[in-house]
Amino acid sequence: MIALSLAQVAAVVGGEVTGGSSGAATAPEDVVVDGPVVIDGREAGPGSLFAAFVGEHSDGHEHAAQAGRQGAVAVLGSRPTELPTVVVDDPRLALQRLAAHVVERVRRDGGLTVVGITGSQGKTSTKDLLGAVLSEAAPTVATRGSFNNELGMPLTALRVETGTRYLVLELGARGLGHIAELTALVRPDVSLVLNVGQAHLSEFGSREAIAQAKGELVEALDDDGTAVLNADDGRVAAMASRTGARVVSFGAQQPADVRVEELELDRLGRPSFVLVADGARVPVRLRLVGAHQALNAAAAAAAAIAAGLEVEQVAAALSGVSTLSQWRMELSELPNGVTVLNDSYNANPDSMRAAIDALASIGADPGVRRTVAVLGEMRELGETSPEEHRGVGAYAVDRGVDVVVVVGEAARGIHEGAGERSVLLADNAAAGAWLAEHLAEGDAVLFKASRGARLDEVAASLQ
């Protein structure tokens with residue numbers, strides 16, 4: 001974070017500075033915060049500000065001393081602590097206000113460009129791609145993992161420093177108004193909307209409501225901003241009418257402004273394609289797994305170009321990206337000759353099909369003996385859940401997956417859809433035992449489910 005004294009922090013958030021331990025050489029108001037802002041005392045470092053929250057089962061204020069031992073110099077909380085503390089009525093609101101102040105100050109003084117990303121699936125992968133591309137051009141801060149809510153977004157924004165030129169924010173929504181609330185704090189210069197799918201359908205009630213919520217990111221743009229929209233998704237393309245900003249489209253076919261053409265997959269399912277943009281045709285060879293990553297790359301390219309980069313510069317950077325956030329299309333080969341595709345971070349029907357497609361591409365390699373899809377529950381699908389689970393099972397069979405291992409009673413629909421090619425196991429322990437007994441050299445195995453299923457633990461048991 002940019003350096004601020006506690007007096008400055010208090011002025012921004014409307015708080016009062018209280019002293020920590022007596023005998024300190026520096027007055028509490030003059031203590032300077034110039035390190036990371038954290039909400040976990042164990043993650044504090046030199047110069048950190050520790051934001052303390054009172055939760056249902058824990059009180060962050062009780063961990064102020066721990067944060068201090070890690071290097072934190074002050075606390076933002078609702079009551080005094082052992083460290084110099086900015087006391088406020090609502091620490092969450094104060095954290096958001098501080099983030100808005102920091103971003104606006106760096107934007108004003110240094111020319112910071114803010115890119116917001118949302119969508120039903122692919123947000124994190126696209127954010128990782130875009131962050132990597134922009135980092136090649138100038139200092140960039142991007143959301144870590146999927147830390148994209150009312151706390152994650154401000155904490156990401158507070159990592160901005162004086163020299164930061166790009167801030168990439170992944171924005172999630174679990175209801176109408178959530179994205180509008182976040183963008184009211186940090187106004188985007190470029191708004192990227194990937195798709196409108198079925199993730200969180202149980203909370204929104206309909207895809208139309210999801211589209212309404214995702215489109216709040218477009219509505220947040222000033223007229224001199226840029227909306228980057230998926231031309232292949234009608235609900236996203238229609239968001240062009242919700243902004244006076246310039247609109248740039250991406251997709252797999254014309255009339256998208258930034259396009260993927262001549263898409264091919266290698267034996268491990270890694271896509272190569274021609275990136276078409278601004279009259280140029282530039283080859284891209286991704287080191288990531290899955291045909292869907294080509295469209296994510298096109299979305300990242302469109303946003304990067306909107307932020308001022310050249311097409312050739314973007315294509316070269318995309319070809320160099322080798323990793324994404326944890327448990328997202330992680331490809332590895334075990335010593336016993338089994339290939340593992342770990343995409344277990346989260347799941348919905350669309351991302352399930354994309355992961356199955358990737359497994360099928362790997363299975364087309366003559367060196368692969370058998371494909372095994374280890375699939376668990378997809379959560380938050382509402383009334384469509386049984387049908388969607390059965391559909392995923394049937395899709396796996398249609399794509400030629402040899403064995404569908406279904407984990408947990410909540411995912412029974414996948415087992416029903418896959419029929420005789422499927423086995424239903426009670427829990428992760430049973431899945432680990434089955435895999436240990438049945439996997440052999442030459443097999444390729446996919447892990448995919450919603451986060452709560454924790455299939456990453458089963459994947460880790462194979463190591």
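1. In this predicted model, the second largest pocket lies between domain 1 (4-89) and domain 2 (111-320), because both domains give residues to its lining.

2. The volume of this second largest pocket is about 290 Å³, and its lining is made up of Pro 36, Val 37, Val 38, Ile 39, Glu 43, Arg 144, Phe 147, Leu 155, Thr 156 and Arg 159. Two or more of these lining residues come from each of S4 and helix H5 (152-157). By residue class, the lining of the second largest pocket comprises six nonpolar residues, one polar residue and three charged residues.

3. Strand S4, which contributes to that lining, also belongs to an open sheet of five strands, whose order is S2-S7-S6-S5-S4 and whose pairing is mixed. Strand S4 (37-38) is an edge strand of this sheet, as is strand S2 (16-18), and each of them pairs on one side only.

4. Which strands does helix H1 lie across? Helix H1 (residues 6-13) lies across S2, S6 and strand S7 (85-87), and runs at about 15 degrees to S7.

Terms used: Residues are numbered from 1 along each chain as its sequence is written. This is a predicted model: local features need pLDDT of at least 70, side-chain atom pairs count only at pLDDT 80 or more; totals for chains, interfaces and linings use all residues. Side-chain values use heavy atoms; hydrogens and water are left out. Two strands pair if DSSP finds at least two bridges between them. Helices (H or I, at least four residues) and strands (E, at least two) are DSSP runs, numbered from the N terminus. Contact means heavy atoms within 4.5 Å. Axes are lines fitted to C-alpha atoms, for helices over the stretch in contact, and angles run from 0 to 180 degrees between N-to-C directions. On a 1 Å grid over the protein atoms alone, a cavity is a set of points where a 1.4 Å probe fits but cannot get out, and a pocket is an open set with protein on both sides within 12 Å along at least five of seven lines; lining residues have an atom within 4 Å of a point. Grid points are joined across faces, edges and corners, and a volume is the space filled by probe spheres set on the points. Ala, Val, Leu, Ile, Met, Phe, Trp, Tyr, Cys and Pro count as nonpolar, Asp, Glu, Lys and Arg as charged, and the others, Gly among them, as polar. Domain bounds come from an automatic or database domain assignment.
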